[in-house]
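Work through the following exercises with the sequence and the 3D view side by side. Try each task before reading its solution.

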Amino acid sequence: METGADPKPNENAALGQRLFIRVVDDHFAVSLDSSGDSLYRRGLKKQVTAAPLRETIAAAVLILAGYSPPEPLVDPMCGAGSFSLEAAMRALKIPAGWFRDFAFSGWPAFALTRGRWKHIKDQCAQQIVGTRNAAIFAADIDPSACKALEENAADSGLSASIAVSNRDFFDLTPREFGTASGLLTINPPFGRRMGSRKQSDALFQELCNRLKAVWRGWRVALVVPRKGLLKRIPFPFSIQEIRHGGLSLYLTTGVLKS
């Protein structure tokens with residue numbers, strides 16, 4: 001591996017165990033939680049910012065947008081880096097869950113299959129590729145967000161794959177990221193990250209204007225906070241409704257006209 005530090009799974013098994021009892025019409029179902037933390041928690045983001053995008057949603061967005069390493073990926077409002085970290089995992093072929101523990105590893109019966117589990121992990125480790133050429137660029141106007149992403153990347157051994165800069169999206173230009181067009185992944189501030197809907201909508205309009213004026217020829221994966229804003233998007237798009245934090249959001253993917 002040549003990623004700054006080897007992406008090693010956490011070997012400290014989470015021993016906390018939970019039983020769930022469900023009652024429906026006097027029928028009881030008892031189940032033992034095998035996962036522990038929710039599966040969207042990849043173990044990548046120890047440092048977070050306000051209203052972070054779930055890792056599983058970020059991974060799904062990359063798939064829907066057709067992200068194909070080593071094409072350039074620009075994450076210009078990165079926050080704690082859900083898009084950038086998931087892109088780095090895809091670029092290095094690191095499997096989901098590599099950086100976390102599962103509750104089943106604390107089960108007494110797990111001792112009987114520990115060797116088999118190690119064999120599975122060893123097979124996965126052979127698929128991980130070492131590269132310093134993953135073209136992933138992250139930026140945020142908030143220096144604390146950039147610091148959070150840098151720390152998360154360093155903790156996971158992904159620093160060499162993600163270039164982080166404290167920059168305003170509206171100051172970025174495509175030529176900074178090479179001659180080839182690539183994928184823009186944008187989760188603009190809304191809700192708790194903005195003071196009001198009016199401010200959020202004004203920022204979204206400025207963002208769309210900037211995309212149309214500057215980022216011609218690039219593919220875009222844009223999270224839209226409410227349905228009424230879809231008419232402002234400056235490119236033909238496919239749409240996927242997603243649920244996040246109790247909100248209905250809209251993922252739009254498309255290509256800005258050259």
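A residue is called buried when its relative accessible area is under 20%, exposed when it is over 50%, and partly exposed in between. Keep in mind throughout that this is a predicted model.

**Exercise 1. Decide whether Phe 28 is buried or exposed, and describe the surface to which Phe 28 belongs.**

Step 1. Begin by finding Phe 28 in strand β2.

Step 2. The relative accessible area of Phe 28 is 60%, and because the limit for the exposed class is over 50%, Phe 28 is exposed.

**Exercise 2. Classify Asp 75 by its accessibility and list what surrounds Asp 75.**

Step 1. Asp 75 is found in strand β3, which covers residues 73-75.

Step 2. With a relative accessible area of 0%, Asp 75 falls under the 20% limit and is therefore buried.

Step 3. Once the neighbours within four places in sequence are left aside, the contacts of Asp 75 are Gly 81, Phe 83, Ser 84, Phe 137, Ala 138, Ala 139 and Thr 185.

**Exercise 3. Work out how Asp 33 and Ser 35 are placed in the loop between β2 and α1.**

Step 1. Asp 33 has 12% relative accessibility and Ser 35 has 17%, so both count as buried under the 20% limit.

Step 2. The side chain of Asp 33 makes a polar contact of 2.8 Å with the side chain of Arg 18, and the side chain of Asp 33 also reaches the backbone nitrogen of Ser 35 at 3.0 Å.

Step 3. Not counting residues up to four places away in sequence, Asp 33 touches Gln 17, Arg 18, Phe 20, Ala 103 and Trp 107, whereas Ser 35, with its neighbours within four places left aside, is in contact with Arg 100, Asp 101, Phe 102 and Ala 103.

Step 4. The C-alpha atoms of Ser 35 and Asp 101 are separated by 8.0 Å, although these residues are 66 places apart along the chain.

**Exercise 4. Describe the interior of the protein chain, starting from the whole and moving to its nonpolar cores.**

Step 1. The protein chain has 5 helices and 9 strands, and of its 258 residues, 43% are buried.

Step 2. The largest nonpolar core has 35 residues, and those with the most contacts inside it are Tyr 67, Ile 94, Ile 136, Leu 158 and Ile 162.

Step 3. The elements giving two or more residues to this core are α1 (55-64), α2 (82-92), β4 (136-139), α4 (143-155), β7 (219-224) and β9 (247-255); the largest share, 7 residues, comes from α2.

Step 4. Another core, of 23 residues, lies apart from this one, and its members include Val 74, Phe 177, Leu 222 and Leu 230.

How values were computed. Residues numbered from 1 in each chain as written. Predicted model: local features only at pLDDT ≥ 70, side-chain atom pairs only at ≥ 80, totals over all residues. Heavy atoms only, no water. Core = buried A, V, L, I, M, F, W, Y, C linked by side-chain atoms within 4.5 Å. Buried < 20%, exposed > 50% of the residue type's maximum accessible area, 1.4 Å probe, protein only. Helix = DSSP H or I, 4+ residues; strand = E, 2+ residues; numbered from the N terminus. Contact = heavy atoms within 4.5 Å. Polar contact = N/O pair within 3.5 Å; in protein donor to acceptor, adjacent residues only side chain to side chain.
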